[in-house]
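Let's take a walk through this model together, with the sequence at hand.

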2 protein chains.
Amino acid sequence: MIEISLWEQLTAFADCGTLSEAAEKLHTSQPALTRSMKRLEAELSLSLFKRSKNHISLNATGRMAVNLARQIVEEDRELVLRLKAYDRSLRTISIGYCAPVPQMVMTPLINNLFEGMTISADMKEDDDFPARLLDGTYQLAVLHYPLTDDRFFCRKCGSETLYLSVPPSSPLAFYPEIHLSDLNGLSVLLLSRIGFWMNVVKERAPKANYLLLVQDSSFMELASHSGYPCFNSSYFIRRGSTIPGRINIPLADAESHTDYYLACLSSETRRFSTLFDQMKKTGIS
Amino acid sequence: MIEISLWEQLTAFADCGTLSEAAEKLHTSQPALTRSMKRLEAELSLSLFKRSKNHISLNATGRMAVNLARQIVEEDRELVLRLKAYDRSLRTISIGYCAPVPQMVMTPLINNLFEGMTISADMKEDDDFPARLLDGTYQLAVLHYPLTDDRFFCRKCGSETLYLSVPPSSPLAFYPEIHLSDLNGLSVLLLSRIGFWMNVVKERAPKANYLLLVQDSSFMELASHSGYPCFNSSYFIRRGSTIPGRINIPLADAESHTDYYLACLSSETRRFSTLFDQMKKTGIS
DNA sequence: TAACATTACGTTAGCCGTAACGATA
DNA sequence: TATCGTTACGGCTAACGTAATGTTA
């Protein structure tokens, strides 16, 4: 069995061209390399080099050995990385959220159920969530569309409806319902981290002037003290926590309502079964 | 960079279940293994084992590590084998012959052209010769059918016709030509190593009683001193070296005549170009 | 003469095996 | 009490670095 370090020294020599240079690169001495290469040849019972009195170079077998050595050295390196990634994955749960409300609802639940684990949450458009589940970036995903592929376990876990929030003084306040396209040309307050909702509103009202706010507090302040329309959610309205002095007007667009779906890999169904159960009971609404 | 020996010791432990048993299997001591496994964990900065005071077993990360370790240990082992095979392939030319005459003609040529190399020759039915060229078992093949696939370089290199050889006293001697099927029911002398010809005669005269002889000398002795029919070849007849006291009768079957084709991998065309040239000039006939 | 590979040689660090220890079933 | 894993310790060898040697461009 040939040790990785020998293969590594061989590839270093191939990269450098001379033993001296390779020795420097490897932070070792030239004689040490000479001996290693001889040891390698001895253990293989193969000649890998053409030697003249003060020059050494690879022969055909040696060149092939370098090709193979590069592979196994790289594999050894990757093995360590994969193992560390696996180990980390045992201690962390990464979740992709397509919208803020599911995260608000689920975060305390998950912290409770998987105590001691590191929880990492992403919020973004959920186009690639299936791929992220497959490649292990996420262990859980909340999407606004169901996954039917049987590599996944997927269940509906709630729904949410968007409303337009305006002061009673606003011209929009007189309509019984509003189309998102009515916002074109208007300035609209919007939180920046709202996942797939961002796509919805930008697609339906592309010509609105969106005032993007990173912080909730800034958003609330502006919403409370200005006349700009903004969005509210059935989740907050249902809980009576609306923006002071504003009314919520239904949106006519079908896209303003969505169902949410919780998904994991089929192979991990059992690991997350309690979470799925709880979400079925409580649900997002 | 983790050395292969450490991975190897890990897999040995996984196979054996206890360090003591693994130590025995590896012809080393138990404390040595304890230290190796601790060193492995230290170099990875990962915990791979659940330890109680007098028991040690793999944790989840450890089990994953074993899976990966098995792979790389196996790859290291295979690397050595592949390298040795490659080295040997540089010093040897393996040739598949579908019949004895091409071998007789080409052996001196090849020994001459590739002096110092080990020449290894196979003789057998040439069904799988293309596959053998592709997988590297053969560098050259002589077939009785052409290869049109452009992964191969293939040229006609001669032909041969089979005759029936009988004493003048034989009842068969009166026919101007004979069908192989006429041999059904008769005893026929046959050399055992005749490649694809064996299939030809056994297919055309399946009910003949073939007296298989391994050695040329035995065959010649019996052919000279018995009345059993046997086969002769245009190659020998053309050179006047027929069996004493026998006549050669043409065979009516189309299969009694064949063309020979010399083939190598397209990628090796240049390496063997001189041989192809010489065979084009001299040819088998 | 500068750069390179190899050989010689003294040193040392790392690994091993034996022995002792502690824990468990 | 037998088995197992860990720790301690002393010894040894394999690999190292320095220095010297020889060769080539």
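Predicted model: local features only at pLDDT ≥ 70, side-chain atom pairs only at ≥ 80, totals over all residues.

In which loop of chain A does A:His27 lie? A:His27 sits in the loop that runs between helix H2 (19-25) and helix H3 (30-44) of chain A. Its backbone is worth a look: A:His27 has a positive phi of about 55°, although it is not a glycine. With 75% relative accessibility, A:His27 counts as exposed.

B:Ser45 is found in the loop between helix H3 (30-44) and strand E1 (49-52) of chain B. Here too phi is positive, about 50°, and B:Ser45 is not a glycine. B:Ser45 is exposed, its relative accessible area being 57%.

| Residue | Relative accessible area | Class |
|---|---|---|
| A:His27 | 75% | exposed |
| B:Ser45 | 57% | exposed |
| B:Arg70 | 35% | partly exposed |

**A closer look at B:Arg70**

B:Arg70 belongs to helix H4 of chain B. Leaving aside residues up to four places away in sequence, B:Arg70 touches B:Thr11, B:Ala14 and B:Asp15. With B:Asp15 there is a polar contact from side chain to side chain, at 2.8 Å. At 35% relative accessible area, B:Arg70 is partly exposed. For a sense of distance, take B:Ser192, which is 122 residues from B:Arg70 along the chain: the C-alpha atoms of these two residues are separated by 46 Å.

**The buried side of a helix in chain A**

Which residues of helix H7 (residues 196-204) of chain A are buried? They are A:Phe196, A:Trp197, A:Met198, A:Val200 and A:Val201. The elements of chain A that cover these buried residues include helix H5 (100-113) together with several strands, among them E6 (152-166), E7 (187-191) and E8 (209-213). Strand E9 (230-233) and strand E11 (257-265) also take part in this cover.

**Where the chains meet**

Now to the interface. How many residues does each chain bring to the contact? Chain B gives 31 residues and chain A gives 31 residues. Between them the chains bury about 2,900 Å², and 70% of that area is on carbon and sulfur atoms. Across this interface there are zero salt bridges by the rule used, while twelve residue pairs are in polar contact, both partners at pLDDT 80 or more.

On the chain B side, helix H1 (4-16) and helix H4 (60-91) each supply at least two of the residues that touch chain A. The largest share, 20 residues, comes from H4(B). Sorted by kind, the chain B residues that touch chain A are 19 nonpolar, three polar and nine charged.

Note on methods. Residues numbered from 1 in each chain as written. Chains lettered and ligands numbered in written order. Heavy atoms only, no water. Contact = heavy atoms within 4.5 Å. Buried area = accessible area lost by both parts, 1.4 Å probe. Salt bridge = Lys/Arg side-chain N within 4 Å of Asp/Glu carboxyl O. Polar contact = N/O pair within 3.5 Å; in protein donor to acceptor, adjacent residues only side chain to side chain. Helix = DSSP H or I, 4+ residues; strand = E, 2+ residues; numbered from the N terminus. Nonpolar A, V, L, I, M, F, W, Y, C, P; charged D, E, K, R; others polar. Buried < 20%, exposed > 50% of the residue type's maximum accessible area, 1.4 Å probe, protein only.
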